[in-house]
Amino acid sequence: MLIAAWCGLRYGEIAELRRGDIDLDQQVIRIRRAVARVAGEKPIIGPPKSSAGVRDVAIPPHLLPEFKRHLADHVAVGARTLLFPSSRGSDRHLAPATSYRHFYRAHEAAGRPDLRWHDLRHTGATLAAATGATLAELMARLGHRSPRAALVYQHG
């Protein structure tokens, strides 16, 4: 959930992240692919939602220790290894229902049952804007082609 809230990534982008997509030296996440699920079919790996979705997203400095710990403790060696695999196999994508189950517990504990997973993306955009990111920087961070799309994610 940290990566969704602080980096503003889409669920499919997070689920398809691999060790080689994380560059701790440059402090960026390289978004090059996403995974989509269609009921009854195998996950489909492809490009992000739009051409603007292919991007590098800066990792906030306070998250670097979390990334380092996660990579060391939970991710097998190899550039193609999934960051967040299924418990049914390191080569299988994490099912959205698994992530949502944890998210639902967290939003209930926080007293905010109205929140949706996608609201974490809005949080990431709002936090970036609060640090002084320009509209162009927000568009690049979120993978949007139009200012209008990026502005939808702004909340006061």
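How many Å² does the accessible surface of the chain come to, and what share belongs to carbon and sulfur atoms? The accessible surface (Shrake-Rupley method, 1.4 Å probe) comes to about 8,900 Å², with 57% belonging to carbon and sulfur atoms. The model is predicted, so that local features need pLDDT of at least 70 and side-chain atom pairs pLDDT 80 or more, while totals for chains, interfaces and linings use all residues. Residues are numbered from 1 along each chain, and side-chain values use heavy atoms, without hydrogens and water.

**View 1. The whole chain.** The chain holds seven helices and seven strands (DSSP runs: H or I of at least four residues for helices, E of at least two for strands, numbered from the N terminus). Its C-alpha atoms fill a box of roughly 40 × 35 × 30 Å along the principal axes.

**View 2. The lining of the largest pocket.** A pocket is an open set of points on a 1 Å grid where a 1.4 Å probe fits, with protein on both sides within 12 Å along at least five of seven lines; lining residues have an atom within 4 Å of a point. Of the 20 lining residues, Met1, Leu2, Ile3, His70 and Phe84 lie nearest the centre of the largest pocket. Helix α3 supplies the largest share of this lining, five residues.

**View 3. His70 in helix α3.** His70 lies in α3 and is buried, with a relative accessible area of 18% (buried means under 20%). Leaving aside residues up to four places away in sequence, His70 touches Val75, Leu83 and Phe84 (contact: heavy atoms within 4.5 Å).

Methods:
Buried < 20%, exposed > 50% of the residue type's maximum accessible area, 1.4 Å probe, protein only.
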